[in-house]
Amino acid sequence: MTPFMLRVADVLGAEPEEIDLPQPALRRSVLRPVGKGNDIHVAYRGLTEQLVCEANAMLAPEDDHMTLVDEIVGDEMLYSVLYRGRAAVVSTTFGDGKAYGRVVADGLDNSEPHELAGPESVEDLLLLLLMESDTPRHPSY
């Protein structure tokens, strides 16, 4: 099992009051060149797909599973991770030769535009989504 799969297993096997909600590291969204913004978005998207698969592998077959949905809306490229009625959305908007990243999710302060601070933030974002969604509790290993 990967370290992330072990973290998911710990969440699934613990009572809600036993685990602190993870807080993904965020930074204020900034304008960057289109190529850099695209590269960052694609890298986060690929990592998210891997981690969603790992999380789903730890959930029992009868449990709800995370889904990953890609969209392009106008000048915005985004992907959403959905789980039990909740969502985390990572997006990049392109215009005037610049790109602007943003993350919006249940459990995060969405009042200011923020983006993920680094790849390690993706794990915490997915764990937050699991924990905010009345995750079924059962041993998974």
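Biologist: How many cavities of 30 Å³ or more does a search of the whole structure find?

Modeller: One. This is a predicted model, where local features need pLDDT of at least 70, side-chain atom pairs count only at pLDDT 80 or more, and totals for chains, interfaces and linings use all residues. Residues are numbered from 1 along each chain as its sequence is written, and side-chain values use heavy atoms, with hydrogens and water left out. A cavity is a set of points on a 1 Å grid over the protein atoms alone where a 1.4 Å probe fits but cannot get out.

Biologist: How much space lies in the largest cavity?

Modeller: About 130 Å³.

Biologist: Which residues lie nearest its centre?

Modeller: Ile-40, Tyr-44, Thr-92, Gly-101 and Glu-115. The lining has 15 residues. Lining residues have an atom within 4 Å of a point.

Biologist: Which sense do β5 and β6 pair in?

Modeller: Antiparallel, over eight bridges. Strands here are DSSP E runs of at least two residues, and two strands pair if DSSP finds at least two bridges between them. Thr-93 has Tyr-100 in β6 as its bridge partner.

Biologist: What about the hairpin: how many residues are between the strands?

Modeller: Two. Asp-96 takes a positive phi near 55° in this hairpin.

Technical notes. On a 1 Å grid over the protein atoms alone, a cavity is a set of points where a 1.4 Å probe fits but cannot get out, and a pocket is an open set with protein on both sides within 12 Å along at least five of seven lines; lining residues have an atom within 4 Å of a point. Grid points are joined across faces, edges and corners, and a volume is the space filled by probe spheres set on the points. Helices (H or I, at least four residues) and strands (E, at least two) are DSSP runs, numbered from the N terminus.
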